[in-house]
Amino acid sequence: MTLPLFEDPVPSGPRTVTLVRLAAEIARQVAAIGPLAVEGEVHRPTTGRTGWVYFTLRDRAAQISVVVPRPKASRSRTVAGERVRVVGALEWSNDRGQLQLRAEEVLPVGAGAIAALLAETRRRLEADGLTARPRRPVPLLPEAIGVVCGADAAVRRDIESVVAARFPGYPVVFHETTVSGPGAAVSIVEAIRVLARRPGVEVVVLARGGGDATALLPWSEEDVCRAVAGCPVPVVSAIGHEADRPLCDEVADLRCGTPSLAATAVVPDGAA
C-alpha cells in the first residue's frame with residue numbers, strides 16, 4: 001500500500017521524503033487519473049529495437065511523451081505531422097523520471113488521415129488478392145446463423161424482429177463483443193473465430209449500428225479483414241448505415257446496408 005506523501009499537521013518548512021517515496025506518490029496520483037483520450041500532432045516518431053513506438057504528442061501550447069507497446073503498435077498509426085487521437089493512461093517512469101502517456105490505441109483524426117490509413121490497408125489486402133477473391137454464396141437454409149454484434153440492444157432487436165417476421169424461432173446465435181474503441185479489432189477477430197467453430201453455424205453476420213469514421217475504424221483493421229476473408233463459412237457485412245463503407249465490406253462474401261437487410265438476406269422465408 002502506498003502511504004500518503006503529505007501528512008497532517010502541515011510542517012512549517014520543506015518536507016523531507018526519500019526519492020523512492022516521492023516517485024511512488026507521483027505514480028499513485030497519476031494512476032488515479034484513469035483512462036484518457038487526447039488529441040494532438042505526432043512529432044518525431046521512432047521505433048525501438050523491441051518494436052515499441054515512441055513519439056511526442058503536441059499542440060500549440062503543450063506536449064507529452066507517448067509510448068506504444070509492441071502489441072499495440074501494429075494497429076496504431078504514427079505518421080509525423082498527422083493529427084491523432086491517443087487513447088491510454090498516464091504513467092510515471094521511475095528510471096527516467098518522466099511522465100508519459102502509455103497508448104492503447106492511436107487513431108488518425110480528420111478525413112484525410114483516415115483516408116490515407118484505409119488506402120494503405122486496402123493496398124495490402126489487394127496485393128494478397130483478398131478483395132478480388134471469389135465470393136461464397138450465402139446458404140439458402142443454414143442450420144444456424146451466427147451474429148457478431150455489440151451490446152447494442154437496437155441492433156439485436158432489429159435482427160430479432162426480422163427473424164420473427166420471416167421465420168419465427170429460426171436458430172440465431174448472438175456473440176456480443178467490443179465493436180469500437182481500444183481492443184475492438186482483437187475482440188471482433190476472436191468473435192468471428194468462435195462463431196465459425198460453433199457446430200451448426202453456416203453463415204456469420206457482422207452487425208453494428210452507425211457511427212463516425214473513427215468509431216467504425218476497427219471494422220477496417222487489417223486483422224479483421226483477414227479474419228473475414230479466411231472465415232471457413234460465408235460472412236455478411238452489415239456495418240453502420242448505407243453510406244458507411246468500412247474495409248470489411250470489400251472482403252466479405254455479401255455486403256448489406258443495415259443489420260436488418262442482412263438478416264433479411266440470411267434468414268429464410270418460412271412461408272415460402
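Buried means under 20% relative accessible area, exposed means over 50%, and partly exposed lies in between, with a 1.4 Å probe and protein chains only. The model is predicted, so local features need pLDDT of at least 70 and side-chain atom pairs count only at pLDDT 80 or more, while totals for chains, interfaces and linings use all residues. Residues are numbered from 1 along each chain as its sequence is written, and side-chain values use heavy atoms, with hydrogens and water left out.

Helices (H or I, at least four residues) and strands (E, at least two) are DSSP runs numbered from the N terminus. In α6, the buried residues are Val224, Cys225, Ala227, Val228 and Ala229. Their packing partners are α3 (111-127), α5, β8 (201-208), β9 (235-239) and α7 (248-251). Contact here means heavy atoms within 4.5 Å.

From α5, the contact takes Ala185, Ile188, Val189 and Ile192; from α6, it takes Asp223, Val224, Ala227 and Val228. Seven of the residues in this contact are nonpolar, none is polar and one is charged. For these classes, Ala, Val, Leu, Ile, Met, Phe, Trp, Tyr, Cys and Pro count as nonpolar, Asp, Glu, Lys and Arg as charged, and the others, Gly among them, as polar. An α-helix has 3.6 residues a turn, so residues three or four places apart point the same way.

On a 1 Å grid over the protein atoms alone, a cavity is a set of points where a 1.4 Å probe fits but cannot get out, and a pocket is an open set with protein on both sides within 12 Å along at least five of seven lines; lining residues have an atom within 4 Å of a point. Grid points are joined across faces, edges and corners, and a volume is the space filled by probe spheres set on the points.

Two cavities reach 30 Å³ or more. At least two of the lining residues come from each of β5 (98-108) and α5. Three residues of this lining are nonpolar, three polar and five charged.

The second largest cavity has a volume of about 40 Å³. Around it are Ile145, Val147, Ile159, Val172, Val205, Ala263, Val266 and Val267. Two or more of the lining residues come from each of β6 (144-149) and α8 (259-266). The lining has eight nonpolar residues, no polar ones and no charged ones.

The largest pocket holds about 320 Å³ of space. It is lined by 16 residues, and Ser74, Arg75, Leu117, Thr121 and Glu221 are the closest to its centre. The elements β5, α3 and α6 each give two or more residues to the lining; the largest share, five residues, is from α3. By class, this lining has five nonpolar, four polar and seven charged residues.

The second largest pocket has a volume of about 150 Å³. Its lining is made of Ile114, Leu118, Ala213, Leu216, Leu217, Ser220, Asp244, Arg245 and Pro246. Six of these are nonpolar, one is polar and two are charged.

Arginine 44 lies in strand β1 (residues 35-47) and is exposed, at 66% relative accessibility. Its phi is near 55°, a positive value in a residue other than glycine.

Glutamate 82, in the loop between α2 (70-73) and β4 (83-93), is buried at 14% relative accessibility. Leaving aside neighbours within four places in sequence, glutamate 82 is in contact with Gly40, Glu41, Val42, Arg77, Pro108 and Ala113.

Cysteine 256 is in the loop between β10 (254-255) and α8 and is buried, with a relative accessible area of 8%. Not counting residues up to four places away in sequence, cysteine 256 touches Val236, Ser237, Ala238, Ile239, Leu261, Ala262 and Ala265.
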